[in-house]
Amino acid sequence: MHQPPDTRYVEDRSPGSGRLTPRAAFRSDAPGIPLDGEWRFRAAAGLGDLTAGFDDPGFDDGAWDTLPVPSCWQLQGVGSPAYTNVTYPFPVDPPRVPEENPTGEYRREFTLPDDWPAGRGVLRFDGVDSCFAVWLNGVRLGDGKGSRVPTEFDATEALRPGRNVLAVRVHQWSAGSYLEDQDMWWLSGIFRPVRLLSRPEGCVEDFFVHADYDHTTGVGTLSVETSAPARLSVPELGLVDADPAGPHTFAGVEPWNAEQPRLYEGELTAAGERIPLRIGFRRIVVEDGLLKANGRPLLLRGVNRHEWDPETGRTLSYETMLRDVLLMKRHNINAVRTSHYPPSSDFLDLCDAYGLWVVDECDLETHGFELVGWRGNPSDDARWRDALLDRMRRVVERDKNHPSILMWSLGNESGTGENLVAMAEWARTRDASRPVHYEGEWDSGYVDVYSRMYADHAETELIGRGEEPPTRDPALDAHRRGLPFILCEYAHAMGNGPGGLSEYQRLFETYPRLQGGFVWEWIDHGIARRTADGRVFHAYGGDFGEPVHDGNFVADGLVFPDRTPSPGLVEYKKVIEPVSIGFGADGRSVTVRNGHDFRDTAYLRFRWRAEDDGEIVAEGVLDVPVLPSGDRVSLPVPALPPVKDAERALTVVAELAADEPWAEAGHEIAWGQTVLAPAAREPVPERLLPTVAGRGGRLALGPAAFDAHSGRLLAVGGVDVGGLRLDLWRAPTDNDRLGDRIADRWRAAGLHRLTTRTLGVESTAEGLTVRTRTAPAGADHAVNATYRWRSDGRSLWLDVVAVPEGKWPCPLPRIGLGLSLPGRLDTVDWYGLGPGEAYRDSTAAARLGRHRRTVDALQTPYVRPQENGNRRAVRRALLTGAGGGGLEIVGLPSYDLTVRRWTSAELDAARHTTDLVPGDRLHVNLDVAHHGIGTASCGPGPLPQHALGAGPVALRLVLRAL
Ligand code: IPT
């Protein structure tokens, strides 16, 4: 008879039992057996439903299903994903967890080859969520917690020649779950690789590479601490078979930094094993209140990165990690905070190789305790000390040899407490070469940088000036005032946005203490799902029937779940460009500033082009002298041909002169644009036609037909026009809906249910004047509009003046015209800002030019549908379709444009992209202005200058049928 298994470890605060001492992750040529692939698997409902004898090597699992390792079982059809941000999805009763504790029983066999060396065998688990116990050939090796830090067991005694049977029991919930309350999907299983490693007699179990760089002398100093005797070679530096401890000094080494990630290949040799090393020389210090690398202050252009794949969750392929790194490099990003746990070691290898500064964060978040007044928070409870320290040790030990790691972070949103102090002290003692980061303690007593999240622009500026109010603890105030400042999270990239990035960047570039930040966050954690008819959409919180969830707050990244860059990423790339290109006010000079921390501009090529109304009239290469980092130069603008009645734009771009490992020659890094000659065009003609009565209650004015009763435009030439009217509504963005919830005020003001009444229609010898009043039911605020129509027979001029009446209770979502057009007009060519979406506070990346998109391609597929796709400052747009004909809309001077196959109301009602069903009309908005976007879903709303107050506006357009 089998005893019921002992599962007390599940609710035990201890980090585990039977585990090996944490050590560095490294590859070596010692044999190993990858244990990934299909395992036998049984899903047990809880601890009362475990399989007796499961660990017995003779157990017959032939009837069991299989499950891939690594994987998250909820994404393999076992149980369901669940999303909460802060709230624990179980009662806060530490260390107890629900009886309903989904448990995966995993089994597999492997064969130990005959030539398996003598020495120890180590079984290594890179990531198991959240708690597990391991048996090899019926011998219990131990158990562990700490989902995203590695766990190793000594398998030596239990290993047998030939056939071996491994059994692993994984529990979704454990005491460890209280430490893993990150804002993400709750997913379980063996989600990172498993390996059996041979540790030959006398091998090096652990080593610590110290590769220091003295920027004042250019000397690199190398010393490698090893746990056993070994030899060190770095052939490139002339070091062969040397004592690793050294210290070895090298004059004139090239240092490592994220812009020029110079790595020296080396090798550690020990008994039975060769370990390849990649050494980066650098020195990180906090000095004079600044965070410096190799003597230079850093400006972090960062992102927070969770590990995410829309099909496989937190199990990522190497290709996916590489894709992230390449996308980041191509978008001028230079730093990653590994929110909120250490990533796969492969990702860190890529950061070393391609060059990204990393804030490596411990797998710790106890945010849900905030909702119970932080009572019982593990961060300040001695009974949890071992568990917290253990996690910190396992990050630092695993990752200490990565040159890309800039700082250690204790975790995220875990309140304050003595255990955090102990973690910081331990990290500093173990690795004096890296500062310690933690945001949750605003007094900053035990950290080396002052870090905050979502501080608004005004507060950030105050901190930049060193004028922030004193800390709660006056004794710590002096310490904090001496620290550099970073925003470890800012600019919440949820849905449309973030707005306000440029203004943050201006602050970072103005105040040396502000050393940049990390946008929240890199990727939308949407889960790919299909509708019954096979269309893909991305699921979010609540889509799996979770009783407690936080909706689409999990979709707040700069790239969509499939890693397509969102407009937010394109904007961020422009805002953080490491070279700024500006123009003198007189348009005669161009200024180039090198904003890199280290690199000079020799790797860039500068090109210029002049365009008249978007047509290239001259172009060439701009001869910019090589600028060291921080330098600037002013050059005369190239000689240009005279302008003939056109708007002239001069654009200068900086691009890669040669291939880089992360992008090809020609890849654009930075650009600047100025308008040299603004055009005055299309004056209202002198000869104007009168309005005449047509058939069927219509009025005719040149090419246009109007309804005589309402004054509504019905057609321009052969193009029928529907519902042209003043409109204020937009489908609220996530930033409109959340935070200060301005969308609630818009709805309360009735802006989504406006009605328009015609006050007067007046035909004259010079056209038609229509007056309307637009207002919601039940309110006495309104917007009065006067439409003045004129025509010379071919074109139709429209002057709209809109004047709010009454007491307006809120800023407006937008103000402009809405109308509908035939759906066959499926392509838009425009001259204006583009090619991407832009709003008034997210417009840096849009440039003046000629652009073309199909109507479908104008839409931005935010995971939860919302206002999107606006093109700004459109001077003229042409809507055409396959059947010929079309409509030209000229702005005098310009307008904002959206064109969709659904109405704003339909966009507002949709919950997933696949809810949007194209109708047979196009819905077009021609706007004077939009309210800014901001990042109120977490952080500040639009800055005051980007708010759209209710006030009089004017819009002048010319319409022409083709
Ligand atoms: C902050 C969290 O650190 C991060 O994980 C994420 O949840 C983000 O918010 C919002 O998406 S915490 C918040 C209280 C500022």
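**Notes on the predicted model: domains, cores and the ligand site**

1. The centres of domain 1 and domain 2, taken over C-alpha atoms, are separated by 34 Å. The contact takes ten residues from domain 1 and twelve residues from domain 2. Keep in mind that this is a predicted model.

2. Here is how the protein is divided. Domain 1 covers 300-526 + 554-574, domain 2 covers 578-677, and domain 3 covers 692-961.

3. Now look inside. The largest nonpolar core has 121 residues. Those with the most contacts inside it are Ile 333, Leu 410, Tyr 490, Val 519, Trp 522, Tyr 572 and Phe 606. Domain 1 and domain 2 both give residues to this core, so it lies between them.

4. What does Tyr 490 touch, leaving aside its neighbours within four places in sequence? The partners are Tyr 454, Leu 501, Tyr 504, Gln 505, Phe 508, Gly 517, Phe 518, Val 519, Trp 520 and Tyr 572. Of these, Val 519 and Tyr 572 are also listed among the residues with the most contacts inside the largest core.

5. Helix 7 spans residues 501-510. Its buried residues are Leu 501, Glu 503, Tyr 504, Gln 505, Leu 507 and Phe 508. They pack against helix 5 (457-464), strand 32 (485-490), strand 33 (514-519) and helix 8 (567-575). Tyr 490 sits in strand 32, and its contacts include Leu 501, Tyr 504, Gln 505 and Phe 508.

6. The loop between strand 32 and helix 7 holds two points to check. One is Ala 491, found in this loop. Its phi is near 55 degrees, a positive value in a residue other than glycine. Is Ala 491 buried or exposed? Ala 491 has a relative accessible area of 3%, and the cut-off for buried is under 20%, so Ala 491 is buried. The other is Pro 498, also found in this loop. The peptide bond from Gly 497 to Pro 498 is cis, with omega near -5 degrees.

7. Compare two further sites. The peptide bond from Gly 246 to Pro 247 is cis too, with omega near -5 degrees. Pro 247 is in the loop between strand 19 (239-242) and strand 20 (248-251). Arg 741 has a positive phi, near 50 degrees. Its place is in the loop between helix 9 (734-737) and helix 10 (742-748). Arg 741 is partly exposed, with a relative accessible area of 43%.

8. Turn to the ligand. How many residues surround it? There are 14, and the closest are Asp 183, His 340, Asn 412, Glu 489 and His 492. A polar side-chain atom of Glu 489 is 2.7 Å from an oxygen atom of the ligand. His 492 also places a polar side-chain atom 2.7 Å from a ligand oxygen atom. For Asp 556, a side-chain N or O atom is 3.0 Å from an oxygen atom of the ligand. Taken alone, the ligand exposes 390 Å², and the protein buries 86% of that.

9. Last, Glu 660. This residue is in the loop between strand 41 (648-656) and strand 42 (668-677). Its relative accessibility is 17%, so Glu 660 counts as buried. Leaving aside neighbours within four places in sequence, Glu 660 is in contact with Arg 599 and Tyr 603.

Methods:
Residues numbered from 1 in each chain as written. Predicted model: local features only at pLDDT ≥ 70, side-chain atom pairs only at ≥ 80, totals over all residues. Heavy atoms only, no water. Buried < 20%, exposed > 50% of the residue type's maximum accessible area, 1.4 Å probe, protein only. Helix = DSSP H or I, 4+ residues; strand = E, 2+ residues; numbered from the N terminus. Contact = heavy atoms within 4.5 Å. Core = buried A, V, L, I, M, F, W, Y, C linked by side-chain atoms within 4.5 Å. Domains from an automatic or database assignment. Near = heavy atom within 4 Å. Polar contact = N/O pair within 3.5 Å; in protein donor to acceptor, adjacent residues only side chain to side chain. Areas by Shrake-Rupley, 256 points an atom, 1.4 Å probe, with all protein chains shown as cover.
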